[in-house]
Amino acid sequence: MKVEFEMDRSTLLRKNEHWKIGNLGIMQIQHDYPGELLDTIKRKALVIKEQQSANMHLNLRFIRNAQKYIPEIAEVVHYPGRLEGLSELAGEELEPYPFTVISTAITFMGPEDGTVDWHGDGPPITELVALEHEGVTGGRLELYQDDFESTMAAVQAGETLDPDRVLHIQHKVGSSMFGQLMRVPHRTEPMTSGTRITLTMNLRSVEKPFMDSNPMHYLAADNPDFEWVDEYVDDVRYRQLPAYLKYRESL
Ligand SMILES: [Fe+2]
């Protein structure tokens, strides 16, 4: 795992925060996941794309609950040394994000599939592994270096964002983006050509699993069947609440 680019969270948001996991902002890292394994995942994703992926909101077309359809994804999630390496980079122990519907996903982007609009992530931390990046014009990860609320208000009002504060990072096969993107304004730069397929693997803090930006309405927007509710409530009861009470005592 070699870090190719990094910007910490306080620099990214231009302020210091109390509610965060380590000071992880955004990194681009060279990963060591086997190319053959990633190719298998891509091939299987393309086979089920029409049937399983949907562009429900935010102009983002993705396969939810991806590891249910493509079990090889679990091999990447638990790839030897992965969690240890990412935890070290984040400065806190991390674990895979537990809710099956959004633990992992495959996203498809392009002129027809769409590119995700300005948003902040539900899961606190994510790793985005490029599976395909062919003939892409545009398509960079764009992060806006400012406070989430004021940026989203400016976007909604149709204001032009200051180009000097937009950070661009180009996805590439062989590397991944690793970032704490809850309450960080970001999007994919619109694409005029090419295809991008990305494996998204979400993570959270072991010690502070309550640091999360995925309220039930946000999860339900992509998963309106509510089949995930028991899993979610159990997690709040047995993991998030005890951890939160312990955290409060430590303040
Ligand atoms: Fe995102």
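Q: Contact means heavy atoms within 4.5 Å of each other; on that basis, what covers the buried residues of helix 5?
A: The model is predicted, so local features need a pLDDT of at least 70 and side-chain atom pairs count only at pLDDT 80 or more, while totals for chains, interfaces and linings use all residues. Residues are numbered from 1 along each chain as its sequence is written, and side-chain values use heavy atoms, with hydrogens and water left out. The elements that cover the buried residues of helix 5 include strand 2, helix 4 (72-77), strand 5 (94-96), strand 7, strand 10 (175-180) and strand 12; helices (H or I, at least four residues) and strands (E, at least two) are DSSP runs, numbered from the N terminus. The buried residues of helix 5 (82-90) are Arg82, Leu83, Gly85, Leu86, Ser87 and Ala90, and glycine 91, with a positive phi near 85°, follows the helix.

Q: Why is phenylalanine 210 called buried?
A: Buried means under 20% relative accessible area, exposed over 50% and partly exposed in between, with a 1.4 Å probe and protein chains only. Phenylalanine 210 has a relative accessible area of 10%, and therefore counts as buried, whereas tryptophan 19, at 33%, counts as partly exposed.

Q: Why is the pair of tryptophan 19 and phenylalanine 210 called tilted?
A: Rings of Phe, Tyr and Trp (its six-membered ring) pair if their centres lie within 6.5 Å, and planes under 30 degrees apart count as stacked, over 60 as edge-to-face and the rest as tilted. The structure holds 10 aromatic pairs; in this one the ring centres are 5.7 Å apart and the planes lie at 55°, so the pair is tilted. It joins distant parts of the chain, 191 residues apart: tryptophan 19 is in the loop between helix 1 (9-13) and strand 2 (26-30), and phenylalanine 210 is in the loop between strand 12 (193-205) and helix 8 (216-222).

Q: What makes the pair of phenylalanine 226 and tryptophan 228 stacked?
A: Their rings are 5.5 Å centre to centre with 25° between the planes, and the pair is accordingly stacked. Phenylalanine 226 is partly exposed at 45% relative accessible area, while tryptophan 228 is buried at 2%. Both belong to one aromatic cluster, together with Tyr97, Phe99 and Tyr232.

Q: What makes residues donors of the iron ion, and which residues are they?
A: Donors are N, O and S atoms within 2.8 Å of the metal (3.2 Å for Na, K and Ca), and since water is not among the atoms, sites may look incomplete. His119 (NE2), Asp121 (OD) and His186 (NE2) lie 2.1 to 2.2 Å from the iron ion and are its protein donors, with the sequence spacing H-x1-D-x64-H. Aspartate 121, in the loop between strand 6 (104-109) and strand 7 (125-137), and histidine 186, in strand 11 (186-188), are 65 residues apart. Aspartate 121 is buried, with 14% relative accessible area, and histidine 186 also counts as buried, at 4%.

Q: What makes the phi of arginine 183 worth a remark?
A: Most residues other than glycine have a negative phi. Arginine 183 is not a glycine, yet its phi is positive, near 55°; the residue is found in the loop between strand 10 and strand 11 and, at 36% relative accessibility, counts as partly exposed.

Q: Which residues have the most contacts inside the largest nonpolar core?
A: A nonpolar core is a set of buried Ala, Val, Leu, Ile, Met, Phe, Trp, Tyr and Cys residues joined through side-chain atoms within 4.5 Å. The largest such core has 19 residues, and Ile41, Ile73, Val76, Ile106 and Leu199 have the most contacts inside it. Helix 2 (35-52), helix 4, strand 6, strand 7 and strand 12 each supply at least two residues of this core, and helix 2 gives the most, with 5 residues. Apart from this core lies another, of 16 residues, among them Leu24, Leu83, Ile125 and Phe210.

Q: How much space lies in the largest cavity?
A: On a 1 Å grid over the protein atoms alone, a cavity is a set of points where a 1.4 Å probe fits but cannot get out, and a pocket is an open set with protein on both sides within 12 Å along at least five of seven lines; lining residues have an atom within 4 Å of a point. Grid points are joined across faces, edges and corners, and a volume is the space filled by probe spheres set on the points. The largest cavity holds about 500 Å³, and of its 31 lining residues the closest to its centre are Leu60, Thr107, His119, Asp121 and Thr200. The largest pocket has a volume of about 210 Å³, and its lining includes His119, Asp121 and Arg183.

Terms used. Contact means heavy atoms within 4.5 Å.
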